[in-house]
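Please look at the sequence and the fold shown here with attention to how the strands pair. The report below takes up selected strands one after another.

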Amino acid sequence: MYARVVVFLPFRSKTTPLFDYSIPPGIAASIRPGALVLVPLREMALPGIVLALTDTPAVPETRPIQSVLYPDPVLDDGLLDLAQWMSRETLAPLHQCVQAMLPPGLRATVYLRLSPLVDTAPPDLPDPAARLLETLIQRGALTSAQVKRALKGVDVRRARYYLQKRSLIKVERLLRLNIVQPKVARLARLIAPRAQWETLLEGLRNVVLYQGILEFLAGETQPVEVEVVYAETGAKSYHLKMLAERALIAFSHEEVLRDPLAEMIFTPDQPPVLIPEQQAAWDAIEPLLQETVSVPILLLGVTGSGKTELYMRATAQVLARGRQALILVPEISLTPQTVHRFAVRFPGQVGLWHSAMSDGERFDTWRRVRNGDVAVVVGARSALFAPFPNLGLIVMDEEEDTSYKQSRAPYFHTREVAAELARRRGALLILGSATPSLEAYARALEGRYRLLEMPQRVMAHQ
């Protein structure tokens, strides 16, 4: 068995670097489509994604995969198929489409490594070049970042070009893959009964401080993060270490989810009564949520007509069937108010996905979506590539907004990819707008989209 791997190159390529590799027996169980692996290419070791498995390689000789970089596949079969569709439709190289779908924090970065090719520096070198070469001779190969730190104030780029032109150094473009790790908190808990405190604290200075730490932990029913203990008691790591050595407290570790909504409190609300125009639109939408194949809906409603309420009712129907919902909004309108409405209606079930979040927050959301722990994702364009195992609804609000167009490679329009994703997953796509794009409106008039109109504002009926 061989693996066909899309290799991530440290330089731009117009054609997809797709190579076949043999699979060593020791890692064969972990090699499947979507797996993130490290493979040899020339003299480099580069990361890549397994695209497919094959019994017959495309070349007579292959090299073995070196290792598996992540325990589980980072892309499922559905996303791999979607990447190939995007490549065909947009004429973008397949590797660009695949890389756009990688989990947050798994982005590959290019760096330069400088190595000396001589043992001594020639006497006629200008000062910047001489200092760079002497540094490399003394310390060995360095990355460009390391060189800049070692030679502050030196024009490293000009010196590098000069030495490279004279064949005095070798400059290699390499690729590094930084993988975000789960956040792990260190916890402390009380393990000694109060009757033993005085005996176990004997010989310690500042007993009052230690007693305060123990009193604080005694008042907690669960282990407490050590940072919280520090903040509440004025303790330092040394104090907790001493208490642990005397068997008064014990440490443990626990994974902490990085969720920007975790500290917020949402009080569930009840759906309002629909006005006639809303009810007519909902009567048309509701039966389509039960179908596996349906045309997209263009929900044309003036501002204030209550489109968001229909989005939430559709979401509730999908969740009741054990499926998931993706709510896409333009990046500029991803406001707390937008998120709040969904979080209030579906408390504890909503995840965020947008560029203002840290890689760690998005990576944890990615894992929760993949595990089915998040039922609703409210996000911007890139949320399309979240690993939903059971997607039943895609809402694209303000579908005419230009931020839905990807402005860098691979170039795509969210509307087209969302329609294809919905078709492949058997999900319903709702495009909402007060001023729809010409493309969407024309398709609705042609019958390729189903047009539903809500010309009245909700407040006009009150």
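What follows describes an open sheet and then a separate strand with its partners.

This is a predicted model, in which local features need pLDDT of at least 70 and side-chain atom pairs count only at pLDDT 80 or more, while totals for chains, interfaces and linings use all residues. Residues are numbered from 1 along each chain as its sequence is written, and side-chain values use heavy atoms, with hydrogens and water left out.

Strands here are DSSP runs (E, at least two residues), numbered from the N terminus, and two of them count as paired if DSSP finds at least two bridges between them. An open sheet is formed by three strands in the order β10-β9-β11, with antiparallel pairing. Its edge strands, β10 (224-225) and β11 (249-256), each pair on one side only. Between β9 (residues 183-190) and β10, which run antiparallel, there are two bridges, and L187 has E225 in β10 as its bridge partner.

Strand β13 (residues 324-328) is mostly covered, since five of its five residues are buried, where buried means under 20% relative accessible area (1.4 Å probe, protein chains only). Q324, L326 and L328 point one way from β13, whereas A325 and I327 point the other way, and all are buried. In a regular strand the side chains alternate between the two faces of the sheet.

The parallel partners of β13 are set out in the table.

| Partner strand | Bridges to β13 | Direction | Example bridge pair |
|---|---|---|---|
| β16 (residues 391-397) | five bridges | parallel | L326 with I394 |
| β15 (residues 376-379) | four bridges | parallel | L328 with G379 |

Note on methods. Buried means under 20% relative accessible area, exposed over 50%, partly exposed in between (1.4 Å probe, protein chains only).
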